[in-house]
There are 2 protein chains.
Amino acid sequence: MSQPLQPPAVSPAFAEGERDTVYRVIRARRDVRRGFLPEPLPDPLLTRLLRAAHDAPSVGLMQPSRFIVIRSLAIRRQVHSAFQHANQQALAKYQGERHDQYAALKLEGILEAPQNLCILCDAENEQGHGLGRQTMPQTAVYSTVCAVQNLWLAARAEGVGVGWVSILSPDALRTILSIPAHITPVAYLCLGYVDSFGDEPELERVGWERRAPLENVVFEETYTSREKP
Amino acid sequence: MSQPLQPPAVSPAFAEGERDTVYRVIRARRDVRRGFLPEPLPDPLLTRLLRAAHDAPSVGLMQPSRFIVIRSLAIRRQVHSAFQHANQQALAKYQGERHDQYAALKLEGILEAPQNLCILCDAENEQGHGLGRQTMPQTAVYSTVCAVQNLWLAARAEGVGVGWVSILSPDALRTILSIPAHITPVAYLCLGYVDSFGDEPELERVGWERRAPLENVVFEETYTSREKP
């Protein structure tokens, strides 16, 4: 049987122009660390972004994601100090040219972005009655990451920059933001208007790394290593 | 200083209609377990979906995600057996009415969907030179989950159903799909055309669980429990 060239006659697909928009927002999304504008995001916009995150898939419909909106400069300063501490430790792992290159990187916009957002996972939440996470309990945290990505794409469509700061100790975040021990800080984001988005990832632009071609990472039927021998 | 009602004069936002499209695809995305059509997805469409996944953010631009496209019925039958095994164990944890309700749920479309897709994380991949994941090494796996969500949204725009099967032992997947020990199976997806998408999540439709309101999960400045006392 030959492959059909057309989708089924009854198709719930979006219109072609709408599909292009979705692909375009996916390609245009960037991790933003510089260029945040001081204007705060209007509350209705922030609510739209949070709703997009909340609409993410979750294992067993458990909706484990929790969101802390941080505008206080005092709190952001504490988080920034925690970043600086973790970043000094990270820097110490590099040597030679990589060390100097790392030291010159701008890796966060905690103080410039008027809003920070800490996204958490409450994996002990009983909503969903445990469905789907007995074999892979980590799917609770995965659900929260899906929420992050929904918000990231919605923000790009709104012209709002998002930067994910992963150089932060979860325990430091717990202390600063009064997060209980059983709740997992998954993502710490800087959010704000920007006047432009880069055409390429920041780490590519500054020569830290280059993107790999798609064909390097796709396999048929079973896994086959394509690493260099 | 009062909050501005308008975004900055120079704004890289998408047009209003385009933003609406992005929000609409986010809201219309469903976890699909039933109703897959037998027509295979054309290769160019599948490539568009995989490229959307590959365009996801990744910590340090490490791009750790790997994709196994599975069409072989023999392999899907093995995965389906592994699902049945894990699902029997899951069922045994429920009692009474929940047990009967769980037993009646349709939780996967492994054999009906003509394509399955296993999405993996190669966290030992040296691309990115370790940037951003010394403090939170789990961000490698989180990057792969972002890829899953990109693909899920692109698929919805294309009218393609996606169901995430989490009731599968990662070790069973490693054996069936020849995945090395250092590579983490993150998501096992069923992909295919469907003739419709539900208006609400399947688990809500069948009465397993209901969605929580957004205001229950948003906090200001620090975490505050809103659980029932």
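Author: Let us begin with the outward side: the face of α3(B) turned away from its buried side carries the exposed residues Arg77(B), His85(B) and Gln88(B). Exposed means over 50% relative accessible area, buried under 20% and partly exposed in between, with a 1.4 Å probe and protein chains only. This is a predicted model, in which local features need pLDDT of at least 70 and side-chain atom pairs count only at pLDDT 80 or more, while totals for chains, interfaces and linings use all residues. Residues are numbered from 1 along each chain as its sequence is written, chains are lettered from A and ligands numbered from 1 in the order in which they are written, and side-chain values use heavy atoms, leaving out hydrogens and water.

Reader: Which residues in α3(B) are buried?

Author: An α-helix has 3.6 residues a turn, so residues three or four places apart point the same way. In α3(B), the buried residues include Ile75(B), Val79(B), Phe83(B) and Ala86(B).

Reader: What covers the buried residues of α3(B)?

Author: Among the elements of chain B that cover them are β1 (65–70), α4 (96–103) and β4 (184–193); contact means heavy atoms within 4.5 Å. Helices (H or I, at least four residues) and strands (E, at least two) are DSSP runs, numbered from the N terminus.

Reader: Which residue caps the N-terminal end of α3(B)?

Author: Ser72(B) does, with a side-chain oxygen 3.3 Å from the backbone nitrogen of Ala74(B).

Technical notes. Polar contact = N/O pair within 3.5 Å; in protein donor to acceptor, adjacent residues only side chain to side chain.
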